[in-house]
Amino acid sequence: TINCGAIPENLLESELFGHVRGAFTGAVTTKTGRFQAADRGTLFLDEIGEMPLPLQVKILRALQERVVVKVGDTHTESVDIRVIAATNRDLEAEIKAGRFREDLYYRLNVVNLHLPALRDRGDDIVVLARYMVSRYAPEYGGKVKGLTPNAIAAIKRHRWPGNIRELENRVKKAVVLADKALLGPEDLDLSPADLPTILPLAEAKERFQREYINEILALN
């Protein structure tokens, strides 16, 4: 596994393909890269959208020809690997903006798995929250056993801009600080002011009808 966004650009090529002794200042020994280390296995390229364009060319060559070259070397090494890549960026938009190579995108995009944001997972959010409570309460020695109905409602209504990490951090904090068996919205820092307003049915219906009519009129 390698996080393409966590390693400085000038070191990323060495991390991926390795380097020979003396290839650059500080290269006191020859190093094997992640591609070679993953030979006959799987390489996970996390945050592939952060990879600089010059390196994308070399990744594409490695995938197409199944060979890599260490930094400072001329000798090619064969590799046989499966590559899994992940990103939170819209790569098609990145291609249009000239920040991601189209040929690399189609080389990587063989089997595509879209993971929806936490706010789009429906009741899965509650399942995840309950799991985290059951996991972290014993770990941190808390008294918490579950969630109140109000907490569940607040969890489902919150937009979770920080995704799963935000939920995890709020649950961890709550199980550490709470002195009761069931967590409420206040324990998760989900106050009514932070939550989206649920409109009364009549008002929601009226708003929908108004927007629908305006859309129809705009088409004519």
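This is a predicted model: local features need pLDDT of at least 70, side-chain atom pairs count only at pLDDT 80 or more; totals for chains, interfaces and linings use all residues.
1. Residues are numbered from 1 along each chain as its sequence is written, and side-chain values use heavy atoms, with hydrogens and water left out.

2. Lys 70 is buried, at a relative accessible area of 11% (buried means under 20%, exposed over 50%, partly exposed in between, with a 1.4 Å probe and protein chains only). Beyond residues up to four places away in sequence, Lys 70 touches several others, including Phe 17, His 19, Thr 32 and Glu 77 (contact means heavy atoms within 4.5 Å).

3. Phe 17 also belongs to the largest nonpolar core, which has 24 residues (a set of buried Ala, Val, Leu, Ile, Met, Phe, Trp, Tyr and Cys residues joined through side-chain atoms within 4.5 Å). Elements giving two or more residues to this core are α1 (9–17), β4, α3, α4 (91–96) and α5 (102–108). Of these, α3 gives the most, with five residues.

4. A second, separate core of 23 residues includes Trp 160. Trp 160 is buried, with a relative accessible area of 1%, and lies in the loop between α7 (149–157) and α8 (163–177).

5. Two backbone angles deserve a look. Most residues other than glycine have a negative phi. Trp 160, however, has a positive phi of about 50°, and Glu 47 has a positive phi of about 55°.

Note on methods:
Helices (H or I, at least four residues) and strands (E, at least two) are DSSP runs, numbered from the N terminus.
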